[in-house]
Amino acid sequence: MEKGEKIIIAGGGLGGLTLAWLLFQKGIPATVLEASSRLGGRIQTIKGNLDTPLELGATWFSDLHPNLLWLLNNLGLKKYPQYSEGISLFETRSFEPPQHFFVPASESPSYRIAGGTGALIAALLQGLPAENIVTNAPVTAITASGHELFVKTADGGMRAAGNIVVCMPPQLAASKIKFTPALPEAVQRVLPEVQTWMAGALKFTLEYTEPFWRTEGYSGMLYSHAGIITEMYDHTNFEEDKFGFTGFLNSSAAAYPQAIRKELVLQQLEPLLGQNVQRPAGYFDKVWADAFVLQGNPVFQRPHHHNGHPLLQLPYMEERLFFCGTETATAFAGYMEGAVIAAKRLAAQLT
Ligand SMILES: Cc1cc2nc3c(=O)[nH]c(=O)nc-3n(C[C@H](O)[C@H](O)[C@H](O)COP(=O)(O)OP(=O)(O)OC[C@H]3O[C@@H](n4cnc5c(N)ncnc54)[C@H](O)[C@@H]3O)c2cc1C
């Protein structure tokens, strides 16, 4: 058993890493235990075949998100507006031609992070001691004994902690972590019903050598009720030398093999944007239903159900156990802004 770890954070997504970073800034080290081999959770930027930063997870934010903007500023990261100039498309039905519309220029557009959202995770990690971040360490049990808490990980390892912060979707915490003694009944009832934002979502990206749609006068923005793609946006990088699209597919397409999804995406886009569509340098997509976000749990609550619930704000196990993560935030729960709000709340509570 390892002793002397004051604060343990279960979950290395934006919430957990921001909390660890905020605490470290105040001279308080915390250990992050992350279940998967990858840090970042619902933030996942991959590099395409042409090295294009492609977002499989979180992508956009706005001026309504001051806490996230504050964090980006502190970490020295740049933001840039989502491209929306030119003709945007709306497919109302499969048997009607697409409607054309123009998105008016906005003083407060949607932004993206230069280098990709993953740059935010990388910057947080740069500000943290590597030895305090443990991957492949799913927390399976939290036990109170005396005045200490003990965290068990899937490999059987045990760590002692003064405080534990659970920074993962509450629904997942309920199904993956055994709490001893058991949490109050009201909490046990609420946790499995807290909707996990974007659980089950299907995000896709396409990569191209040229932004042929821009030269033809299109914004790359598409909304559709007619095909596998429900929403799509231009995905050109900050430097404007790498090009592509990203967006969401109809969740029912999770049942198809990826090759079929790609075929259907290109089939939908060709009549809209021309034959160039058929020559992507890369196609990538991700169904967000794995063990680190949904655990195959078939309970789909309505969007944001029980997010920011009052019981998620309270400490348990003699005020040593806390819930964090975006679903606990009382504003912008589910979004990156919510994850930062929750981390700031916990950092204030723990110092
Ligand atoms: C497809 C998609 C698109 C999105 N788009 C946007 C967007 O455009 N703008 C926006 O603001 N937000 C968006 N979001 C939401 C955004 O990603 C989340 O709000 C944010 O990343 C949540 O951070 P978190 O740390 O609270 O949770 P998570 O990112 O879920 O982190 C939780 C971490 O806990 C880990 N974990 C799970 N179980 C255990 C365990 N037993 N022990 C230890 N660790 C465990 C997980 O592996 C994960 O790394 C999107 C999400 C998805 C999936």
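User: Which residues does T18 touch, not counting residues up to four places away in sequence?

Analyst: In this predicted model, T18 touches L71, L124, V340 and A343, once residues up to four places away in sequence are set aside. T18 itself is found in helix α1, which covers residues 14-25.

User: Where does T117 lie, and what is T117 in contact with, leaving aside its neighbours within four places in sequence?

Analyst: T117 lies in the loop between β8 (111-113) and α3 (118-126), and with a relative accessible area of 0% T117 is buried. Leaving aside neighbours within four places in sequence, T117 is in contact with I43, T45, E55, A58, T59 and M336.

User: How should I read the way helix α2 and helix α8 meet, and at what angle do their axes cross?

Analyst: Begin with the axes: those of α2 (residues 66-74) and α8 come within 7 Å and cross at roughly 80 degrees. Angles of 65 to 115 degrees count as roughly perpendicular, so α2 is roughly perpendicular to α8. On the α2 side the residues in the contact are P66, N67, L68, W70 and L71, and they meet M336, E337, V340, I341 and K344 in α8. By class, this contact has seven nonpolar, one polar and two charged residues.

User: Why can charged side chains pair, and how many salt bridges does the structure hold?

Analyst: Side chains of opposite charge can pair when their charged atoms come close. The structure holds six salt bridges, and one of them joins the side chains of R42 and E327, with an N to O distance of 2.9 Å. R42 lies in the loop between β2 (30-33) and β3 (45-47), whereas E327 lies in the loop between β19 (321-323) and α8 (336-350), so the pair ties together parts that are 285 residues apart in sequence. The two partners can also be read by accessibility: R42 is partly exposed, at a relative accessible area of 24%, whereas E327 is buried, at 1%.

User: Which residue forms a salt bridge with R261?

Analyst: The partner of R261 is D285, and the closest N and O atoms of the pair are 2.7 Å apart. This pair links distant parts of the chain, with R261 in helix α7 (residues 258-273) and D285 in strand β18 (residues 282-287), 24 residues apart. R261 counts as buried at 6% relative accessibility, and D285 is buried with a relative accessible area of 11%.

User: Which residues are linked in a network of salt bridges?

Analyst: The network links R214, D234 and E240. Within it, the side chains of E240 and R214 meet in a salt bridge at 3.3 Å, N to O. That pair again links distant parts of the chain, 26 residues apart, with E240 in the loop between β16 (229-234) and β17 (243-249) and R214 in helix α6 (residues 212-215). E240 is partly exposed, with a relative accessible area of 48%, whereas R214 is buried, with a relative accessible area of 18%.

Note on methods
Residues numbered from 1 in each chain as written. Predicted model: local features only at pLDDT ≥ 70, side-chain atom pairs only at ≥ 80, totals over all residues. Heavy atoms only, no water. Helix = DSSP H or I, 4+ residues; strand = E, 2+ residues; numbered from the N terminus. Contact = heavy atoms within 4.5 Å. Salt bridge = Lys/Arg side-chain N within 4 Å of Asp/Glu carboxyl O. Buried < 20%, exposed > 50% of the residue type's maximum accessible area, 1.4 Å probe, protein only. Axes fitted to C-alpha atoms, helices over the stretch in contact; angles between N-to-C directions. Parallel < 35°, antiparallel > 145°, perpendicular 65-115°, else oblique. Nonpolar A, V, L, I, M, F, W, Y, C, P; charged D, E, K, R; others polar.
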